[in-house]
Amino acid sequence: MRIRGFRARAGLLLLPVPLLLLCLGCEGRKKAAEAKPPLDVTKLLPQAPDDPQPKDGGIFIWGRSGDATLLDPADVTDGESVMVVTNLFDTLVAFRRGSTEIEPSLATDWSTSPDKLVWTFRLREGVTFHDKSPLDAAAVVFSFERQRDPTHSARRATSVFSYYQNNFKSLEKVEAVDEHTVRFTLKEPYAPFLAALALFNCSIVSPRAFQSEGKDADGRYAYNFAQRPVGSGPFVFESWEKDSRITLRANKDYWGGAPRIDKLIFKPIVDAQTRLKELEAGSIHGMDNPELRDLEIIQRNPDLRLLGSPGINVCYLAMHTGKKPFDDVRVRQAVAFAIDKRRIIAAAYNNIGKPAVSMCPETMVGFDRTLIDRTRDVGRAKRLLAEAGYADGFKTSLSYPASQRTYLPDPPTTAIQIQQDLKEVGIEVELRKRDWSALIKETQNGEHEMCLMGWMADIFDPDNFLYVLLDRENAVEGTANNLSFYKGDRVHELLKEAQASYDIHRRERLYKEAQEILFEEAPTVPLVTVPDFRVVRKDVRGYTIYPAGGEFFRHVSFAR
Amino acid sequence: MTYALRRILVTFPLLLAVSLIVFALADALPGDAADWRFAKQPEAKAAWRKARGLDDPFVVRWGRYVKGFATRLDLDRSYQDDEPVGPELFRKLQATFELTLCAMTLGVLVGLAVGILSAVFPRSPLDYLGQVLALGGISVPIFWLGMVLIVVAVKVFDFPFSSNRYDLALEARVKDFATHLYLLESLARLRLDVFASCARNLLLPAIALSTIPMAVVTRMTRAAMLEEMGKDYATTARAKGLRARQVILRHVLRNALIPIVTITGLQFGQLMGGAVLTETVFSWPGLGRYIVAKGVAARDTPVIAGGILLVATTFIVVNLLVDLLYVVIDPRVREQR
């Protein structure tokens, strides 16, 4: 069947298409006209300006790359969960706004015994939890005891409390002296103690919340604290819609002054592009983890403010020193000489980030400023390999994460760069891409040969990098953080001594010697330290990057 | 009506079989969230496994799972935090359902229109454009299309793009909703401010997702219409003096509709589970993305199993509806059985 007569009219239907294309074309030309000098990340400020007369009220929505896993401050380990709990809870001491210095928080002052083994804290009076129960010495003891005592009722069968396990090995007991005084007793001196107390896992939790629903058959409290947390912080937990949003409301009775905003919403938007577009459209007000290649676009957008702070992190290549051929220091040095950090930064970091020379980042106290990095030297690398008996090179493998990390924005490109660099000196590298959790497992068990990894500061102390990543006590298969399984005796002595000393100059000397040995021994090749970036809309006031991690939205408000 | 009854009864063993396959596959996956959660404590893991009944024989666990689902719509608890996964999965299912519904409506309407016009005017510019669009709809990757849509919407039209289902300032207006079908329920309750907000937030992902069914329906409609139009009854109807419009819409379209309805049903089921990319690009809080982000990435077996079970169930139910629809469209189906 043929039908005639409609054809002329049908053609009209096509008309809107070229018109629309024309519209888009014009728009593109207009935008391309503006061009500005390239971005200098070192000039970025870490803070949106404060408003002398901030506006009250409003919903502040923070876009981030993933959802939280749980909200029990003692049990969290991932950044997405941490940034929520830091707004719900208080700690005895806290980081000064935008800095890594410690200031009083729930504790107004403290004193230590001459041997630095007994610490006594005086608590702020009149502080209450969100459920109106008093925050007293008993609550502080409760918060620490539940992490220490494996049979404590406020502990789930699944609780790991890994931060407590890592940071408070030296803590012997916590006691209430009176209603507003708490005493901590250490087994051995531990220099990072005060800094460790500012960490989220030391948040003071409400004992009454735990007790509110009675006990299960196994003697544990039934209340699911990790899903419905109760603290004393500037924000109160309201609801959690998994993978969609976590809503907190302002604590109008906060002892440090009520937040200006009414509500704080954490919204996971996995794709960085989508996150940025929502920010541009104004449906969210701030975001973390912008893609490095978008920074210039963000900088040019008049509606947005790009914030930056030198990161306290290190991305590194670890070689398993317990396995051939990496048991030979000459082979490790050869690898260190073969790698071109600047080219990696150009290829995989959009030229943003600083080459790292030590496993202790430059931004951390105790960093050895006298260290001068190796420059790439293929001939020397080959000579070292020949001396070690590998004149014809060898075959090995490199395990790296499939998903990006803050310190590793483009894992495959970084891995390929390393592969190419090593190929030039005769080392054949097989790349092994791994899911994040699989990579953790593989490397903790020591099943890898080489791996690409990174570390971000938890506690602002060099101990958190050097001891955690390179001491032999952390090289136990199954739980290792020392992924090179380096077991040097002298480094161990130095790190333990530094841990027990409270004299900062002495500690710096000890860490300097340790870093020099580690540089020569090269169990790892530190690659790069990446700055932290955040983006907020122009009308956001008072937002500050906290260099030691976590997000604190207490001071945030909107411009009038 | 025995056909309809039989068709409905077959659904139950089908669902049971699906649950067995899903449960067995999830069970066979090496490693799960618990390995990671209890990385350093084998004793705690053993205690937890015992408390959760994970050491029971497979059949016992499957029976418990099916019973929980059949009686309480319970889908077990997460391996990551021991929270029930059902409520969250149902909430996401509803988000995906609204997205799929809008995308299908849009896709089928446009697809039908373009398909019919292409068939009526074969080898006309309109036909060629329709075919190009259909081919494009199938071959353009949705994450790219989604990204372009967002950029154009935000940059050119100043569209308030948001991945929330409604503007969060309207929270108080949805507090008393019985379902998470915000678009449909706000319409039913005549809360037009909420409806407008929902519709606005659904617009971009629905357009992006609609390209898939649109393309398929266009091609299918064109082919089926051309075939039916070539048959004798169409020529006869024309010869009897019926207007072209009547022949096409009343006779030819009705006969061409059967394969179109079939493909629409299949597409609906596919989009329910396969909207992951759209949901990821637009950060839509839907089921597919949730299964991938919370289930697959973290190896949370109950989330994977529960999510797939819900998708499979929706697929089966939609196809059941399609089969029942045949009875309405095609009298022959009724008579044959």
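The structure is a predicted model, in which local features need pLDDT of at least 70 and side-chain atom pairs count only at pLDDT 80 or more, whereas totals for chains, interfaces and linings use all residues. Residues are numbered from 1 along each chain as its sequence is written, and chains are lettered from A and ligands numbered from 1 in the order in which they are written.

## Strands

Helices (H or I, at least four residues) and strands (E, at least two) are DSSP runs numbered from the N terminus, and two strands pair if DSSP finds at least two bridges between them. The table lists strand pairs of chain A.

| Strand pair | Sense | Bridges |
|---|---|---|
| E1(A) and E10(A) | parallel | 6 bridges |
| E9(A) and E10(A) | antiparallel | 4 bridges |
| E15(A) and E16(A) | parallel | 8 bridges |
| E15(A) and E17(A) | parallel | 2 bridges |

Strand E10 of chain A, residues 263–268, is mostly covered, with 5 of its 6 residues buried; a residue is buried if 20 or more other C-beta atoms lie within 10 Å of its own, exposed if 12 or fewer, and partly exposed in between, with C-beta atoms placed from the backbone. Strand E1 (residues 59–64) joins E10(A) in the parallel sense, and A:Gly63 has A:Lys267 as its bridge partner in E10(A). Strand E9 (residues 245–250) runs antiparallel to E10(A), and here A:Thr247 stands opposite A:Ile265.

Strand E15 (residues 394–401) pairs with E16 (residues 427–434), where A:Tyr400 stands opposite A:Lys433.

## Helices H15 and H16

The axes of helix H15 (residues 463–470) and helix H16 (residues 489–500) of chain A come within 11 Å and cross at roughly 145 degrees; axes are lines fitted to C-alpha atoms, for helices over the stretch in contact, and angles run from 0 to 180 degrees between N-to-C directions. The contact is made by A:Asp463, A:Leu466, A:Tyr467 and A:Leu470 of H15(A) together with A:Val491, A:Leu495, A:Ala498 and A:Gln499 of H16(A), where contact means that the C-beta atoms of two residues, placed from the backbone, lie within 7 Å. By class, this contact has 6 nonpolar, 1 polar and 1 charged residues, with Ala, Val, Leu, Ile, Met, Phe, Trp, Tyr, Cys and Pro counted as nonpolar, Asp, Glu, Lys and Arg as charged, and the others, Gly among them, as polar.

A:Ala498 in H16(A) is buried because 25 other C-beta atoms lie within 10 Å. Leaving aside residues up to four places away in sequence, A:Ala498 touches A:Asp463, A:Arg507, A:Leu510 and A:Tyr511.

## An exposed loop residue

A:Asp218 is found in the loop between helix H7 (207–211) and strand E8 (235–241) of chain A, and A:Asp218 counts as exposed because it has 10 C-beta neighbours inside 10 Å.
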